[in-house]
Amino acid sequence: MKFTLSCSLGLVSLICASNTVAAPLTRRTPVTLQVLNDSVDQKLGCSTTQIETLEGALTDAKNVAAGAATTLGAANVLSSEGVQTFLGSITAAQLAAQIPIRFTSVGTGLSGTLTQITDLVAGNSDQTLRFYCPAETTTEAEGNPCSAQSDAVAENLAEGSINKIALCPNFFGGGSITSDKASYLVSKAAGKLTSFNAPRNPGHILIHEAQHSVPLLGGSAANILEDISADAKPTSCVALNKKKRALNAENWALVSFLAEVDAGRLAAPCTGTSAKRAVGACALPSSSTSAAKTTTTAVVPPKTATPVAPPPSAVTAKPPPVAVPKPAAPAKPPTAPKPASTSKPSLIKGLLGKIF
Ligand SMILES: *[C@@H]1O[C@H](CO)[C@@H](O)[C@H](O)[C@H]1NC(C)=O
């Protein structure tokens, strides 16, 4: 979140994702959720209060993900303003293939019982997901992947680390769905349909991180999405060209947020009778389309556009593209080196335009 990249494979994984989304999601054993407490490890462990916040966030994330899966499963949702705005040129088939991964699997994975552990590394497995809470004073060398801008950082066993999500100090900043919704509604009333404040509630952050987390994505690293927008602000997420929007983790998190706070934006447009409109079965035309176009260049505080150093994993993610709000052609984004194990630049370049 906030461009604390999860360690992941880079563009190669995106291409793999595109090639495998149509495959049925194999049902695996449930994800075991664990949290490192601070009984033994005070540098990385979570306090009792932090664990309570995490538990609330897990509940929120599970509910929001389930709601998103239902809302996006409705007929003709592809033509809704919200899907068009945040997922760009995704097709109906692609959307149908992604929902079980990005929301259903994620919601199920986050609904397991959270148990406490005292050693972050010992006994981890591909079905285990561990949360931990690096203290602000804990250094990178001591295992803290957070930067000042980070909300959380996800890493994966499949990429040479372990399945874990660092909950950074910002994660505990006090946001809630209620406060995010109130803020959103104020922005919406002002016509800011794509320039509302980035949601801050910890459940939202978990849904974002889940898009980087192999155990939550059905066990397949091919399903990992990267952070490819300049930052996590809605304006930046819709500034991506239409082919790239569904490849950006935060765009999916934002769609789930809309499903929670303003599901009307995810309803198919009204085509027929006024009776249908009256019962709210479809969305009335609104100024949303023009708003979406005119607000993409709204104020973006420069500090949040600063790419954050990737976590110190053996296989680190690339930094996000540097503050170019409107990528040109679907060429390879201007990024730093990719993991050596996955480098096939010419292949990437050739395939990227076909992903969505
Ligand atoms: C931390 O976790 C261990 C292992 O589950 C448990 O025995 C211990 O009581 C926990 N500490 C706190 C403070 O809850």
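Colleague: At roughly what angle do the axes of α2 and helix α4 (residues 92-109) cross, and within what distance do they come?

Modeller: Keep in mind that this is a predicted model. The two axes cross at roughly 160° and come within 8 Å.

Colleague: What makes α2 and α4 roughly antiparallel?

Modeller: The crossing angle is roughly 160°. Angles over 145 degrees count as roughly antiparallel, and therefore α2 and α4 are described that way. As for handedness, α2 passes α4 in a left-handed crossing.

Colleague: Which residues make that contact, and how do they divide by class?

Modeller: On α2 they are K62, A65, A66, A68, A69 and L72, and on α4 they are L95, I99, F103, T104, V106 and G107. By class, 9 are nonpolar, 2 polar and 1 charged.

Colleague: Now for the other pair. Why is α2 called roughly perpendicular to α6?

Modeller: The axes of helix α2 (residues 48-72) and helix α6 (residues 202-210) cross at roughly 65° and come within 7 Å. Roughly perpendicular covers 65 to 115 degrees, so α2 gets that label relative to α6. Here α2 passes α6 in a right-handed crossing.

Colleague: Which residues of α2 and α6 make the contact?

Modeller: T53, A57, L58, D60, A61, V64 and A65 come from α2, while α6 brings P202, G203, L206 and I207.

Colleague: Which residues touch the most other members of the largest nonpolar core?

Modeller: Those are C46, A65, A152 and L167, in a core of 70 residues. The largest share of this core comes from α2, with 10 residues. Beyond its neighbours within four places in sequence, C46 is in contact with residues including V35, L36, I51, L54, F131, C133 and L167.

Colleague: One more spot interests me, the loop between α6 and α7 (234-239), where S213 has its place. How do you know whether S213 is buried or exposed?

Modeller: By counting: 24 other C-beta atoms lie within 10 Å of S213. A residue is buried at 20 or more, so S213 is buried.

Colleague: Which residues does S213 touch, leaving out those up to four places away in sequence?

Modeller: L129, A154, N156, N163 and I165. Take N156: it is 57 residues from S213 along the chain, yet their C-alpha atoms are separated by 6.4 Å.

Notes: Residues are numbered from 1 along each chain as its sequence is written. This is a predicted model: local features need pLDDT of at least 70, side-chain atom pairs count only at pLDDT 80 or more; totals for chains, interfaces and linings use all residues. Axes are lines fitted to C-alpha atoms, for helices over the stretch in contact, and angles run from 0 to 180 degrees between N-to-C directions. Helices (H or I, at least four residues) and strands (E, at least two) are DSSP runs, numbered from the N terminus. Angles under 35 degrees count as roughly parallel, over 145 as roughly antiparallel, 65 to 115 as roughly perpendicular and the rest as oblique. A crossing is left-handed if the near helix is turned anticlockwise from the far one by less than a right angle, and right-handed if clockwise. Two residues are in contact if their C-beta atoms, placed from the backbone, lie within 7 Å. A residue is buried if 20 or more other C-beta atoms lie within 10 Å of its own, exposed if 12 or fewer, and partly exposed in between; C-beta atoms are placed from the backbone. A nonpolar core is a set of buried Ala, Val, Leu, Ile, Met, Phe, Trp, Tyr and Cys residues joined through C-beta atoms within 7 Å. Ala, Val, Leu, Ile, Met, Phe, Trp, Tyr, Cys and Pro count as nonpolar, Asp, Glu, Lys and Arg as charged, and the others, Gly among them, as polar.
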